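Dear colleague,

Please find the structure below, handed over for your records.

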Amino acid sequence: MAKIKKGDLVVVISGRDKGRQGRVLEVLVESQRLVVEGVQRVQKHVKAGQTQRGTRTGGIETVEAPIHISNVMLVDPETKKGTRVGYRTEQVERDGRTRNVRVRVAKRSGKDI
């Protein structure tokens, strides 16, 4: 189970984009990388070609490149700073049965994420 998921707000803690915040757009589990909105933007040269909906213009596009998961921290919802992630188990009753559910917790403030 990954500690950072799609849609989480993260802050970059190392590299050229240190200090920037953004939402996680995609999690690449096999390579342990994330695509974060507005972070690690690189320029890509695109050749003009055809798509199913018509012609595509070529040129230089700016896209987000993957960043390693160890270079980001989850943003604490209370303090708005980077925090580590822990887990707490809760017993939840659903359909007459009790189940143990793991809940992500910000270690800085102790609040649920």
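Val75 touches Leu9, Val10, Val11, Gln21, Lys80, Lys81 and Thr83, leaving aside residues up to four places away in sequence; contact here means heavy atoms within 4.5 Å. The residue belongs to strand 9, which covers residues 72-75. Strands are DSSP runs of E with at least two residues, helices are runs of H or I with at least four residues, and both are numbered from the N terminus. Val75 counts as buried, at 8% relative accessibility. The term buried stands for under 20% relative accessible area, exposed for over 50%, and partly exposed for values in between, with a 1.4 Å probe and protein chains only. Between Val75 and Ile113 there are 9.3 Å from C-alpha to C-alpha, at a separation of 38 residues in sequence.

Please note that this is a predicted model, in which local features need pLDDT of at least 70 and side-chain atom pairs count only at pLDDT 80 or more, while totals for chains, interfaces and linings use all residues. Residues are numbered from 1 along each chain as its sequence is written, and side-chain values use heavy atoms, with hydrogens and water left out.

A polar atom of its side chain lies 2.8 Å from the backbone nitrogen of Lys5. Not counting residues up to four places away in sequence, Asp8 touches Lys3, Gly22, Arg23, Val24, Leu74 and Arg104.

As to the chain as a whole, it contains twelve strands and zero helices. Its radius of gyration is 19 Å, well over the 13 Å that the globule rule gives for 113 residues, so the chain is more spread out than a compact globule. That radius is taken over C-alpha atoms, and the rule is 2.2 Å times the number of residues to the power 0.38. Along the principal axes, the C-alpha atoms fill a box of roughly 55 × 35 × 25 Å. Of the 113 residues, 24% count as buried. Among contacts between residues at least 6 apart in sequence, 40% join residues at least 24 apart.

Finally, the chain carries 25 positive and 13 negative side chains, and the centres of the two sets lie 4 Å apart. Lys and Arg count as positive, Asp and Glu as negative, whereas His and the chain ends are not counted; each charge is placed at NZ of Lys, CZ of Arg, CG of Asp or CD of Glu.

With kind regards

Note on methods. Polar contact = N/O pair within 3.5 Å; in protein donor to acceptor, adjacent residues only side chain to side chain.
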